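Subject: Structure handover

Hi,

My notes on what turned up follow below it.

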Amino acid sequence: MKIYTKTGDKGQTSLIGGRVDKDSLRVEAYGTIDELNSFIGKAMAELDPETCRDIFDDLEAVQNELFDGGGDLANVMKERHYKLSDEPIEVLEQRIDELMEEAPPLEKFILPGGTHAAASLHICRTVTRRAERITVTLMKNEEDVPATVQRYLNRLSDYLFVAARIVNKRANVSDNEYVRSAKVFRTGAKDKKDNAGE
């Protein structure tokens with residue numbers, strides 16, 4: 001089996017049920033999810049297996065769910081059966097709540113950084129936000145785009161923010177607070193919003 005097919009040499013690529021230009025919004029959306037999945041893998045490789053096994057397991061599930069979501073965005077068949085359901089969103093919410101109980105109080109905006117793994121998780125968070133923005137634009141421009149993917153990405157970015165803080169905490173590394181930040185989070189450790197807002 002050859003890895004190259006030459007079918008994309010004219011600037012088009014195959015979807016599930018059709019072909020489009022490689023710079024289409026749909027390809028940009030699932031391509032960004034693929035990019036995110038690669039960064040997730042990098043973060044997993046940097047996690048301490050002794051202190052962060054639970055987060056590794058979470059991210060392993062996330063990688064498969066992102067593959068499902070990317071496949072759903074690539075599906076343009078007339079009769080579509082999507083793989084990504086609401087259940088993984090509920091699991092992410094549960095894990096966010098669990099990790100927030102462990103997280104140190106949050107009062108100010110923090111800067112990405114700390115351990116290598118935490119810094120990588122912050123990169124994952126920002127790429128997730130970009131994937132979500134592109135998906136929202138796709139939903140405005142095309143019909144039958146599964147909204148579950150957008151909701152999943154929204155929740156995932158929150159999870160990644162909390163996970164990055166937990167990775168630092170378990171390594172005894174403090175959050176790097178933004179020096180000009182006022183005390184913007186009134187609910188301390190219970191706050192579930194990331195630096196980007198919603």
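Start with the charges. Asp54, Asp58, Arg95, Glu98, Glu102 and Arg170 are linked in a network of salt bridges. A salt bridge here is a side-chain nitrogen of Lys or Arg within 4 Å of a carboxyl oxygen of Asp or Glu.

Before the details, some ground rules. This is a predicted model, with residues numbered from 1 along each chain as its sequence is written. Local features need pLDDT of at least 70, side-chain atom pairs count only at pLDDT 80 or more, totals for chains, interfaces and linings use all residues, and side-chain values use heavy atoms, with hydrogens and water left out.

**Confidence**

pLDDT is the predictor's confidence in each residue, from 0 to 100. Its mean over the chain is 88. 84% of the residues reach 70 or more. Among the elements, helix α5 (residues 147-170) has the highest mean, 98. Strand β1 (residues 12-15) has the lowest, 64. Watch residues 188-193, where the pLDDT is below 50. That stretch still has 18 contacts in the model beyond near neighbours in sequence. Contact means heavy atoms within 4.5 Å.

**Layout**

The chain has five helices and four strands. Both are DSSP runs, numbered from the N terminus: helices are H or I with at least four residues, strands are E with at least two. From the N terminus on, the order is β-β-α-α-α-β-α-α-β. Take the contacts in the chain with a separation of 6 or more: 78% of them join residues 24 or more positions apart. Of the 198 residues, 42% are buried. Buried means under 20% relative accessible area, exposed over 50%, partly exposed in between (1.4 Å probe, protein chains only).

**Salt bridges**

The whole structure holds 15 of them.

- Aspartate 54 and arginine 170: the closest N and O atoms are 2.7 Å apart. Aspartate 54 lies in helix α2 and arginine 170 in helix α5, so the pair ties together parts that are 116 residues apart in sequence. Aspartate 54 is partly exposed, at 27% relative accessibility.
- Arginine 165 and aspartate 175: the closest N and O atoms are again 2.7 Å apart. The pair links helix α5 to the loop between α5 and β4, ten residues apart. Arginine 165 is buried, at 3% relative accessible area.
- Glutamate 46 and lysine 42: 2.7 Å between the closest N and O atoms. The two are four residues apart in helix α1, so about one helical turn separates them. Glutamate 46 is partly exposed at 28%, and lysine 42 is partly exposed at 40%.

Leaving aside neighbours within four places in sequence, aspartate 58 is in contact with Arg95 and Tyr159.

**Around aspartate 175**

Which residues does aspartate 175 touch, not counting those up to four places away in sequence? Pro104, Ile110, Arg165 and Asn168. The C-alpha atoms of aspartate 175 and leucine 111 are separated by 7.6 Å, yet the two residues are 64 apart along the chain.

**Core**

The largest nonpolar core has 47 residues. Such a core is a set of buried Ala, Val, Leu, Ile, Met, Phe, Trp, Tyr and Cys residues joined through side-chain atoms within 4.5 Å. Ile40, Ile55, Leu59, Leu66, Leu156 and Tyr159 touch the most other members. The elements giving two or more residues are α1 (25-46), α2 (53-73), α3 (87-102), α4 (116-141) and α5. Helix α5 gives the largest share, twelve residues. In soluble globular proteins, nonpolar side chains tend to be buried together.

Isoleucine 55 touches Leu47, Arg95, Tyr159, Ala163, Ile166, Val167 and Arg170, not counting residues up to four places away in sequence.

**Helix α1**

The buried residues of α1 include Tyr30, Ile33, Leu36, Asn37, Ile40 and Met44. Its geometry checks out: at 1.5 Å a residue, the 22 residues should span 32 Å, and the end C-alpha atoms are 32 Å apart. The expected span is 1.5 Å times one less than the number of residues.

Best wishes
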